[in-house]
Amino acid sequence: QAQLVESGGGLVQPGGSLRLSCAASRSISSAYVMGWFRQAPGKQRELVATITGGGVTIYASSVKGRFTISRDNAKNTVYLQMNSLKPEDTAVYYCYAPLPGYNYWGQGTQVTVSS
């Protein structure tokens, strides 16, 4: 089936780390680019990072140097390693894959940075 399933979210203290995973169906994982967005309450959904099949990455300025996006084509999975987390990173994180004719989104995973 064509779907994206995120996992790895949770509660973490400032300065801590989390690793998010996005498991994709094979048809979706063939996308030229995949990425992560996030949305906090009352704010617009924003791009966090993207990665091409060839490993070229783009990061939002707010996460550059702290987050790393990676892609394992054999496992049909995209990852987001988040280090040095800040309270302002608190949001629902969504995996994203734009394919011809349809934009696929995961269900979202909550990341909360507090205390």
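Author: The model is a predicted one. The side chains of D89 and R66 meet in a salt bridge, with N to O at 2.7 Å.

Reader: Where do D89 and R66 lie in the chain?

Author: D89 is in the loop between strand 8 and strand 9, and R66 is in the loop between strand 6 (57-59) and strand 7 (67-72), so the pair ties together parts that are 23 residues apart in sequence.

Reader: Is D89 buried or exposed?

Author: D89 counts as buried, at 0% relative accessibility. R66 is buried as well.

Reader: Which other residue forms a salt bridge with D89?

Author: R38 does, and the closest N and O atoms of R38 and D89 are 2.9 Å apart. R38 sits in strand 4 (residues 33-39), while D89 is in the loop between strand 8 (77-82) and strand 9 (91-99), so this pair ties together parts that are 51 residues apart in sequence.

Reader: How about R38, buried or exposed?

Author: Buried, because the relative accessible area of R38 is 5% and the cut-off for buried is under 20%.

Reader: And what else does R38 meet in a salt bridge?

Author: The side chain of E46, at 2.7 Å from N to O. E46 is partly exposed, with a relative accessible area of 36%.

Reader: Why would such side chains pair at all?

Author: Side chains of opposite charge can pair when their charged atoms come close.

Reader: How many salt bridges does that make by the rule used here?

Author: The count comes to three salt bridges. Through shared partners, they join R38, E46, R66 and D89 into one network.

Reader: Fine. Changing topic: how many cavities of 30 Å³ or more are there?

Author: A search of the whole structure finds one. The largest cavity holds about 30 Å³ of space.

Reader: Which residues line the largest cavity?

Author: The lining consists of S29, M34, R71, D72, N73, N76, T77 and V78.

Reader: Which elements give two or more residues to that lining?

Author: Strand 7 and strand 8 do.

Reader: And how does the lining divide into nonpolar, polar and charged?

Author: Two residues of the lining of the largest cavity are nonpolar, four are polar and two are charged.

Terms used
Residues are numbered from 1 along each chain as its sequence is written. This is a predicted model: local features need pLDDT of at least 70, side-chain atom pairs count only at pLDDT 80 or more; totals for chains, interfaces and linings use all residues. Side-chain values use heavy atoms; hydrogens and water are left out. A salt bridge is a side-chain nitrogen of Lys or Arg within 4 Å of a carboxyl oxygen of Asp or Glu. Buried means under 20% relative accessible area, exposed over 50%, partly exposed in between (1.4 Å probe, protein chains only). Helices (H or I, at least four residues) and strands (E, at least two) are DSSP runs, numbered from the N terminus. On a 1 Å grid over the protein atoms alone, a cavity is a set of points where a 1.4 Å probe fits but cannot get out, and a pocket is an open set with protein on both sides within 12 Å along at least five of seven lines; lining residues have an atom within 4 Å of a point. Grid points are joined across faces, edges and corners, and a volume is the space filled by probe spheres set on the points. Ala, Val, Leu, Ile, Met, Phe, Trp, Tyr, Cys and Pro count as nonpolar, Asp, Glu, Lys and Arg as charged, and the others, Gly among them, as polar.
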